[in-house]
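Let's walk through this protein together, one question at a time.

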Amino acid sequence: MFRILSWNVNGIRAATRKGFNEFLKQYQPDLLGIQETKATWEQAEPHLSDDHGYHLEWNAAQRKGYSGVATFAKPKPLSTEHGLGFEQFDNEGRVILSEFPEFTFLNIYFPNGQRDKARLDYKLDFYETTLDLCSAMRKEGHRLIIGGDFNTAHTEIDLKNPKGNQDTSGFLPVEREWIDRYLKAGFVDVFRQQHPDEPDHYTWWTYRFNARARNIGWRIDYFLVSEDLAGRVKQAEIHTDVPGSDHCPISLTLDV
């Protein structure tokens, strides 16, 4: 069995002060993608107790203290790539692709559309560019796992207050439609496949209003797995008991 975790840590330096190193020792995933690192490798390295036996890939944004992703892999990838190949996206450090013999893992931090929707077009363009890349890779024979913060709750069951958020970025019809497009293109939301009608499963809670303790949240972190690989997923979980961020980790267990 092969265990993959994904977690938006909302700043790796802050997360290490809240137990990230201990989390890594306890869970020991074979593969971990983290998002919103908010740090270069040079800034992050002193805060990590050690490499825990992982091969590390770090993709930081050009803007300091913003965005960024990192991938921790126990088996060394056959190859890695940073970004989508488009400067307007790649300067924000949002993607790492890691190829393994059994699959290719895309660790992605999708953009936030912002409350005033100022970044909505950018977010939708990012969705489209990423799906185009994934579709091309699948035609080449890649089996894909996309893990990360999608910044969109797909359906009403994926957030506590859908009626009150109809006009909120993260639950706009045009954003939710892009999740539909990924599923129609041959990807499976493996957590929802295993828990099709269960409410109250969330991965993000605002820091305000004691929202996490009251479980007033959104499910915006996903593993989308290509259909040719989805049958090998044995378990998909949300780890709400892990503190350290306004998001919690998600995991899947894969029979390779």
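Helices (H or I, at least four residues) and strands (E, at least two) are DSSP runs, numbered from the N terminus. This is a predicted model, where local features need pLDDT of at least 70, side-chain atom pairs count only at pLDDT 80 or more, and totals for chains, interfaces and linings use all residues. Residues are numbered from 1 along each chain as its sequence is written, and side-chain values use heavy atoms, with hydrogens and water left out.

Q: In which helix does D132 lie?
A: Look along residues 120-139, which form a helix. D132 belongs to that run, and its name is α5.

Q: Which residue forms a salt bridge with R3?
A: A salt bridge here is a side-chain nitrogen of Lys or Arg within 4 Å of a carboxyl oxygen of Asp or Glu. For R3, the closest N and O atoms of the pair are 3.7 Å apart. The partner is E237.

Q: How far apart in sequence are the parts that R3 and E237 tie together?
A: R3 sits in strand β1 (residues 2-8), while E237 sits in strand β11. The pair therefore links parts separated in sequence by 234 residues.

Q: How many salt bridges does a search of the whole structure find?
A: Side chains of opposite charge can pair when their charged atoms come close. Searching the whole structure for salt bridges gives a total of 11.
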